[in-house]
Amino acid sequence: EFYAPWCGHCKALAPVWDQLGEAYKDNEDIVIAKVDSTTNEIEGISINGFPTIKFFPKNSDDVIDYKGERNLEGFKKFLESGGKSEEPAADQKEEGAKEKKEEL
């Protein structure tokens, strides 16, 4: 998590992030970390808002942006899947939009 100490969204996320850290504290392959972006910069990492969640897979140079739900289950699913997003495919999005139009 890249955060700013003054950010209300970051403060709201803190208890969930702490629970996530607790859930993975014995896992040697996953580290749940917090970076104060107001005092730290990481070369090559772009932070455009707070909080920003990024996944750095072990033994890889990849950086994966997290775009899912900001709750414990969403974070766990993301980590357990190796950083795969649960966003629906484009054709599923279009289908859902059509169904909503028909409901109106």
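How many disulfides does a search of the whole structure find? I looked, taking a disulfide as a pair of cysteine sulfur atoms within 2.5 Å, and the search finds zero. C7 counts as buried at 5% relative accessibility, and C10 is buried with a relative accessible area of 5%; here buried means under 20% relative accessible area, exposed over 50% and partly exposed in between, with a 1.4 Å probe and protein chains only.

Before going on, I note that this is a predicted model, in which local features need pLDDT of at least 70 and side-chain atom pairs count only at pLDDT 80 or more, while totals for chains, interfaces and linings use all residues. Residues are numbered from 1 along each chain as its sequence is written, and side-chain values use heavy atoms, with hydrogens and water left out.

Next I looked up the core. A nonpolar core is a set of buried Ala, Val, Leu, Ile, Met, Phe, Trp, Tyr and Cys residues joined through side-chain atoms within 4.5 Å, and the largest one has twelve residues: L13, V16, W17, L20, Y24, I30, I53, F55, Y66, F75, F78 and L79. The elements that give two or more residues to this core are α1 and α2, and α1 provides the largest share, four residues. Helices (H or I, at least four residues) and strands (E, at least two) are DSSP runs, numbered from the N terminus.

I then followed Y24, which, leaving aside neighbours within four places in sequence, is in contact (heavy atoms within 4.5 Å) with I30, I32, K76, L79 and E80.

Helix α2 came next, spanning residues 72-80, with G74, F75, F78 and L79 as its buried residues. These cover an arc of only 130 degrees around the axis, which puts them on the same side of α2; the arc is that of the directions from the helix axis to the C-beta atoms. What covers them includes α1 (8-23), β3 and β4, whereas the face of α2 turned away from its buried side carries the exposed residues E73 and E80.

Last, I checked the backbone in the loops. The peptide bond from F50 to P51 is cis, with omega near -15 degrees, and P51 is found in the loop between β2 (35-36) and β3 (54-55). N59, in the loop between β3 and β4 (64-65), has a positive phi near 60 degrees although it is not a glycine, and N59 is exposed, with a relative accessible area of 77%.
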